[in-house]
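Dear colleague,

My notes on its charged side chains follow.

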Amino acid sequence: MKSMNGKIYKLFLGLVVIVMSYSCSDDFESLPVEDFTSEFVFSTTDSLGIQAKKYLNSVYSQIEYGHNRIDQSFFNSGDYLDAATDDAISSSLDQDNAVLRLATGRYTASSRVKDEMKWGYYYKGIRSSSTFITSIDRVPLRGTVMGATGPIPLKSAWKAEARFIRALHYFELVKRYGGVPLVGDEPRQLGDDLELPRNTFEESINYIVGELDSVQDSLRVRPIANPASDGHVVTKGAALALKTRVLLYAASPLFNGGNINSENELTGYTNYDPLRWKAASDAARKFMDELTYYSLIPDFSDVFITEGNSEVIFFRQGSENSSVELHNGPVGFTAPNDGVGRTSPTQNFVETFPLLDGKEIGDTTSVYRFDPLNPYDNRDPRLDLTVLHNNSLWLNKQLETFQGGLNNPKAAIQKTKTSYYLRKFMGDFERTDNYSNVSHDWIMFRYAEILLNFAEAENEYSGPTNEVYQVLQDLRTRAGIEPGDNSMYGLQGNMTQDQMREAIHKERRLEMAFEEQRYWDIRRWKIADEVYSQVFQGLVISQSGPVLNYNIVDVLNPTFEERRYLYPIPYEEVINNDNMVQNPGW
Amino acid sequence: MKKLIFIVLFTCFNSIFAQTINLEGKVSSDTGEALFGGNIFIEGTSRGTMTDEDGRFQIAVRQGEILTFSFIGFVTATKTVENGDFMELTLATDRGSLDEVMVVGYGETKRITNTGAVSSIKAEEIKYVPVSSVQNTLSGRLPGFFSQQRSGQPGRDASDFFIRGVSSLNAGGNRPLIIVDDVQYTYDQLSQINVNEIESISILKDASTTAVYGIKGANGVLVIKTRRGKLGKPKINVRVERGIQTPVRSPDFLDSYHTALLVNEAYENDGLQPQFSENDLELFRTGEDPYGHPNVSWYDAVFKDFAFQDNANIDISGGTDRLKYFVSGGAFSQNGLVKDFSDPLNEVNNNYFYRRFNYRANLDFDVTNSLSLRLDVTSRFGNINEPRGQNVVSEIYDFSKIHPYSSPFMNPNGTYSYAYDTQDNLPTINARIANGGYNRIRRTDSNILFGVTQDFNSLIEGLSVTGRLAYSSVEENSRQVFRSSFPTYHYSSENDSYNIDPRGNYAYGTYAVLGNLNVSTKNLNLQAFLNYDKSFNDDHNFNFLFLYNRQSSGAQANVPANFEGYTAKINYNYKEKFLLDLNAAYNGTDRFGKDNRFGLFPAIGAGYNISKEDFFHNSFPFIDLLKIKGSYGVVGSDITFGNRYLYQQVYQSGGGYPFGESQTTYPTVYEGSLGNPNVTWEKARKFNIGLDGNMFEDKLSFDINYFYDYRFDQLVTREDVPQILGIGISPNNIAETSNQGFDGQIGYQNTYGELQFNTNLVFSYARNKVLFKAEAQQAYPWLTETGQQIGQPFGYTNIGFYSEDDIASLNDGNADNDAAVPLSDVPVQAGDLKYKDLNEDGVINNFDQSPIGKPNLPTTTLGWTLGFNYKGFSARVLFQGAFDYSFSVIGTGIEPFKSQFQPLHLQRWTPQTAETAEFPRLTSNPSTINSSAAYMSDFWLVDAWYVRLKSVDISYQLPDNWIPFDINNVRLYVNAYNLFTVTSYVKYQQDPEISTNTAGDSYFNQKVVNLGLQVGF
């Protein structure tokens, strides 16, 4: 019995040992190998920068894509920012949609229009750029790319690209909020001082411009060696283009002389200085003189759908698809061509387009007469390339946007609210039966804007010089406006500075429509109070027999108060940071 | 010795009159089990006998003598011997017994020597509740147990439960630890367990009892012990049941006529043309045009009145000196309430259902006198079926998808129709159920536990060593069968024509099949412990345990998470009078950084059994037990959220983006949330003091505890970090809460002749408070969450409706008497909900939201059990109630034009009913101030309570002489679950346990009435 017990003890001991050793020696890693850290991404042995490139891609991916950007439900099926201006309204049935809130001022510091009033988003972009800028140094990156004055190391180019993107994010903040905290190069950690005060407007602008100046010669130039993979990269052209826009904004009345809180250095300059217009004009002139690669391409509609054309300076890459067509195209077609008509351009916008010879509607000196029963005949050709209206040819059909027409049915669905649909950015589907995939890049900078920036700044500083005239004439030539007997393309000779300003503003509105320009332009020109005090109108076209009656109806009563020239800084941000000063009026 | 007694007894008989009877009898429990090994004495003598394995006994008695039946765990009963030679007796379970054994962490404790807060229940009491999930049977039965059943869907109806409420702000961090036979289970695994396999259930609530789990103990522990074989002949029990289920509450929607009236009224309010003409309304009212002007109650069209559920169990148990066994099998089937729309041409079952098969074999093998082995094997195979891609209840509610007048159930020619007057033009719900296919989830849950115990009594008396290895795995995969296209038509009764829907499918599409692996988890647990159990002079009683525990668990392909630790526990008592428990665990998980991994969690418990003092016993002889107990200690919780390794900053692979002019997508990598190098477990300091007592010969018993828990180092994400940081941050150990309350039970039992009666009142109260949560400083004091309860709702304060005078004043251009209004493009109108402008700035906005109502988890729950036994009959009833909580319904649950029109909408505000209205004016505009989703207010929040007849169980034990010889017992029973509900809310048509701030459109909670038969061999 005793020996039996002994055996049992041994057996028991053996079992315990086996069990313990089995379960203690698991063959797994102590940390998940699929989790990687900064050391792996910015590797000291990765001379091709394979992982760092992926990080740079994510820095690029935070540049916004503007087509149907403003939306609360999901990516890029919302509204154009321009639908919050007098150019268009949203067709959405949602009474609380974001652009409607922007146009009617239904927001406060604590209930902001999140899709547009971003704050943390841009700081996130700034941080990821800074992380790249400070970490890429340890990667032994080889290779060079071609800059303006010869080869530049790839590492310098990448770093400069990230700095450009960071400057772009800062500019997005500044145009929304005025001066903002400049957080510097080193990404901050928890425990670091995060209660940074806002820098002044002037400091913010100077920082952005300084960054652009210091990176411009480390960037590639167009034409890019390998557009298939690098067509999207930041180039010297992009840096100079952003600089012209930054300087133009800084010189504009809202910040230069028209500061809404005249002693407040955060909301603009505290004085007026005409040299700021000169700086903007010089920057644009430098662009036009130095970067001769860029030009206006002959066909206005090709600008947006032809990749790599010489007018495009910088863009956020999109895919080949029909999403712009489907989101904004007319309803009433059969799948897969049935759009949901999200954007309804206004009558106010349509009326801005001149006649074919460049003269205003009602100008008796025009060779054309506006016909209220055929209101779209003999107009600036850009009208048909920007807006679809009743009788427009589209998908091989004449659009019917009259009440009860095929493209404006009576059913309570999302459809045009103004009898107009958007046409711009779409492929040339006038004479095809079906949509096909089209390149839908979001073009942030194109040469036409440089010309307009130049004309505006130059007119403000030097008055309506020949150079200014020339720019407008170039744009109108390309648009297809007839030169007229005097080759003035409908422009008056010897305009005053004010008349020229009005002409430039109008040209900018037509040329740059839906490109996220006008929303900011009416603010920096400080005319938002006028613009939003007019009623936004649309058409109701009723059919009686063969005759169509065009009736103008009100579609939206926008509002404006002065505090809305700048967005409110997020309420939590002011609460969490004792040094954060809210914008006036919020 | 036995022989000697027998001879003595025999001699006694002979010496007295010959009036003796040779009495035979049988003793069984109130649940029908034969009771083995109980003592039977003749009062006033020393004569007696014991029952055998079948509960039978034989004794020679004289008429008029009184027999006393004394069985451990049962109420002692007496019975006078009358005529007849067969006596049958049913004993009631003793709820107040001093020797009652309760299962706790790594062992058992007796009630008399326990110093902690433990509530315990025998599975016998819940075995007959006709539901599939064990946690649904516990509400109202265990003090300190809080539960909410959020859905009644077959297979997904397990309640959420908490022990002593919640105390962590970390949303997932309040779930109790679940321990089955000393091995950790998940919530899902728990809900699969067949109640028939369970012996007893305890919940551990204080530090003294949970400290052995250390880093996992802070949320309380639910401990389950399964049944094991006992010495004796094989006993076979077979149980079959069939029940019918009906919804506890089903919604009632308005018919086409009334809906159309209200739609017209809303349009008129919004300045729009009415949608329906007088003629339309007349046709809706008369129903003369059933295809052109349909009137379909989609609820009645889609749901059945009731559905069946079936349950069958068999278990075999017994044992010899060397081998004891318990083997059981079960099958449970629960059908769904949706009608059968399946296509006669195929057998695609698109209804809800749940089927579960399970088995368990618990074997104990005594290899030698000192070495024993144990092998437990169990598996559960579950099948959940549901219509693919649709929640049928939510479909019924959703006004945007279908109206009562959208389309007929079927077109006159037998084709399906579609909701042609809605934006999506969806086919009718019956068409989509019939063709949409199903999603079937198949799940296999397996556990194996191997254990070996060697006692070293020969070396040191009372010493034993045990090793255990437990393995569990879950494999879950799903099969989806669906068809995406099928034809539907709109029938026009005017010109008798059919129009195909806009999708233009003229023919049925093919079925497609999709398979997914959803879950694949493995869990390996190793335990080794040393146990020392010894009494010195019967005065000093020691129990000592030292445990090493290691666990490694992984899901899918992930690296397993590891847990490791040591536990020590010393229980000492002096003559069961002075009690002392010292418990401690030193353990940790690899979820935290190397320096923050292991923590020590000590706890102390002490008790004083004053009733064991002579002076006390002499002064209060009617008090059988009075014990004061208290405990204090620290326990932890390692539940984290977000990135698994919070101390690490991990870079993440993001979505691809197309870069360059080619359409190639390039990969991206981005910086993940900042790591928090100091992250560690949450901690709770728990204090408990209680009073435990029995009086009047154990007829009255009570156990009452007060507790105060301070929970700190809670993991929450700081809300006070400026966004200019530019990156997400990992949670920090910063938040603090307190939680205090009391819970307990008071029971009473007595026997009146042959009637046995018992009742038990269970009560729980727990109220928490946020002490610190690093919230941003708020603009107004009423916006602050600190100081409120966890989950406190915030919203507007309703002060009636805007009156016509209010609106007139707003429009008169004089701002003096203007009511505050929201910034909205839809101007407020008379009949809109009016809210209090807390900061008096004339605008209703976020700053006017303050704490309204109460959190959704009740602070107070009650349970009241009543039991009767009379001869073979027994009845048991449980009333359960929850009090002091709030809930609301939003969106498709209540709002007009989002929800179907409901009877409440008839009580809307109109100029005529301004005084009596119970609902704001109707509007088709979805985001006005009247929307509960956009403007949550106390108008929408119901201050709730409910009382339910939670379960009823009536059974009849057939007398032995009615049943054939080799059958041991036969029991017939009827039982019910959720039989009726009384509640404070009338506003909504949902069950009072739904999740708040949702549409409340989860599957209806079920009422079950069940008929069963149990046969024992």
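Helices (H or I, at least four residues) and strands (E, at least two) are taken as DSSP runs and numbered from the N terminus. This is a predicted model, in which local features need pLDDT of at least 70 and side-chain atom pairs count only at pLDDT 80 or more, while totals for chains, interfaces and linings use all residues. Residues are numbered from 1 along each chain as its sequence is written, chains are lettered from A and ligands numbered from 1 in the order in which they are written, and side-chain values use heavy atoms, with hydrogens and water left out.

Glu263(A) lies in the loop between α9 (236–251) and α10 (275–290) of chain A. Glu263(A) counts as exposed because its relative accessibility is 65% (buried is under 20% relative accessible area, exposed over 50%, partly exposed in between; 1.4 Å probe, protein chains only).

Over all chains there are 100 salt bridges, each a side-chain nitrogen of Lys or Arg within 4 Å of a carboxyl oxygen of Asp or Glu. One of them joins Asp86(A) and Arg518(A) at 2.7 Å, N to O. This pair links distant parts of the chain, 432 residues apart: Asp86(A) is in the loop between α3 (50–61) and β1 (88–90), and Arg518(A) is in helix α18 (residues 518–524). Both Asp86(A) and Arg518(A) are buried.

Asp428(A) and Arg423(A) also form a salt bridge, with their closest N and O atoms 3.1 Å apart. Asp428(A) is partly exposed at 40% relative accessibility, whereas Arg423(A) is buried at 1%.

Yours sincerely
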